[in-house]
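Hello,

Here is the structure I promised to pass on to you. Please have it open while you read my notes.

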Amino acid sequence: MDQAELYIDALEVECKRLQQQHIEGASLKPRIAAWGVVKAGKSSLLNMLSGHIQQEYFATGAVRTTRINQQLELEHYVLVDTPGLGIDQSDSRQAMEGLEIADIVLFVHAPPGELDEEQVNLLLKLRDVHGDALEQRLVFVFSLLDLDQDGAMAQVRERIEGQVLRCLGFQPTCFEVSSRRYQRGVELSREGMQAKSGIPGLALHLDQMSSEMAPSLAAARQQRLVERREELSAALDQAIEQEQVQIQKLCAPYARTATAFIELMSSVQSSFSAKTAEIRTAREKLNSL
């Protein structure tokens with residue numbers, strides 16, 4: 001199977017996935033997807049937001065544990081845990097599917113350090129998928145706040161906010177969180193520790209975003225589906241056109257040979273007809289003797 005066939009097959013898979021997204025879009029609760037590279041703290045964050053303090057719902061571990069998109073429906077919204085990007089191609093495809101169905105995106109970044117080239121490219125993918133609406137849908141989350149040493153997080157955050165502004169053209173709402181600090185605060189019943197974890201503030205912000213988004217959610221999803229459908233249709237038309245051009249190129253030598261053969265046969269037939277006419281004339285003369 002050549003590259004063109006593989007590309008067309010991939011587009012057909014995208015079409016089927018789009019149909020499935022249309023079916024799954026019937027729920028009017030916003031879908032909030034945690035998105036980012038491997039081990040950024042996405043699953044831990046979603047466990048805290050969903051109240052799974054002691055018994056986690058989204059699996060965590062020392063190695064990557066999220067390999068497929070996993071959803072959990074809550075009262076006001078649906079949380080979507082996506083595989084970490086940048087390690088496995090299959091994981092990345094799953095994460096992209098999670099991004100496409102998301103109404104709100106939590107871009108989770110774990111310090112230390114600024115955004116690397118891969119994460120900048122991820123931001124550009126976010127912009128490609130959500131377009132101008134991204135400014136209302138993106139929340140940037142700095143995870144692992146408990147690892148902050150000597151206030152270094154503030155400097156890192158300032159540099160990253162500059163990167164995001166240059167990349168996207170706007171500054172998203174940002175939160176610094178510590179899932180570990182929040183979990184410890186719940187276990188010890190210390191509200192101050194919970195508040196300093198940043199989790200309650202993020203949860204409140206997501207509730208507000210979900211409430212504001214609810215009236216226009218169905219229309220926004222439908223618009224995204226229409227735009228994606230038009231993109232796929234254009235891509236399919238272009239792929240088919242390119243395939244037809246390739247077929248014409250492959251057939252051209254045979255077509256030229258066939259044309260030459262037809263011309264030869266036409267010449268032979270004309271010559272044969274002329275000879276036949278001469279023979280008939282000669283026979284008529286012979287018969288007249």
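Below is what I found, going from the whole chain to single elements.

A word on the basis: this is a predicted model, in which local features need pLDDT of at least 70 and side-chain atom pairs count only at pLDDT 80 or more, while totals for chains, interfaces and linings use all residues. Residues are numbered from 1 along each chain as its sequence is written, and side-chain values use heavy atoms, with hydrogens and water left out.

Confidence comes first. pLDDT is the predictor's confidence in each residue, from 0 to 100; its mean for the protein is 80, and 79% of the residues reach 70 or more. The lowest confidence is in helix H1 (residues 3–24), with a mean of 57, and the highest is in strand S5 (residues 138–142), at 94.

The protein has ten helices and six strands, which are DSSP runs (helices H or I, at least four residues; strands E, at least two) numbered from the N terminus. Of its 289 residues, 37% are buried; buried means under 20% relative accessible area, exposed over 50% and partly exposed in between, with a 1.4 Å probe and protein chains only. Among contacts (heavy atoms within 4.5 Å) with a separation of 6 or more, 71% are between residues 24 or more positions apart.

Now to the strands, where pairing requires that DSSP finds at least two bridges between two strands. Strand S1 (residues 31–35) has five of its five residues buried, so it is largely enclosed by the rest of the structure. Arg31, Ala33 and Trp35 point one way from S1, and Ile32 and Ala34 the other way. In a regular strand the side chains alternate between the two faces of the sheet.

S1 runs parallel to strand S3 (residues 78–81), joined by four bridges, with Leu79 as the partner of Ile32. S1 also pairs in the parallel sense with strand S4 (residues 104–109), again over four bridges, and there Ala33 stands opposite Val105. S2 and S3 form a hairpin with four residues between them.

Helix H2 (residues 42–49) is also largely enclosed by the rest of the structure, because seven of its eight residues are buried. Among them are Leu45, Leu46, Met48 and Leu49. The cover over the buried residues of H2 includes S1, S3, S4, S5, helix H7 (179–187) and H9. After H2 comes Gly51, whose phi is positive, near 85°.

Ala110 sits between S4 and helix H4 (117–130) and counts as buried at 19% relative accessibility. Its C-alpha atom is separated by 5.9 Å from that of Phe142, 32 residues apart along the chain. Not counting residues up to four places away in sequence, Ala110 touches Lys39, Ala40, Ser143 and Leu144.

Finally, helix H9 (residues 199–213). Its buried residues are Ile199, Leu202, Ala203, His205, Leu206, Met209, Ser210 and Met213. They cover an arc of only 160° around the axis, which puts them on the same side of H9; the arc is that of the directions from the helix axis to the C-beta atoms. On the face turned away from this buried side, H9 carries the exposed residues Leu204, Ser211 and Glu212.

Best wishes
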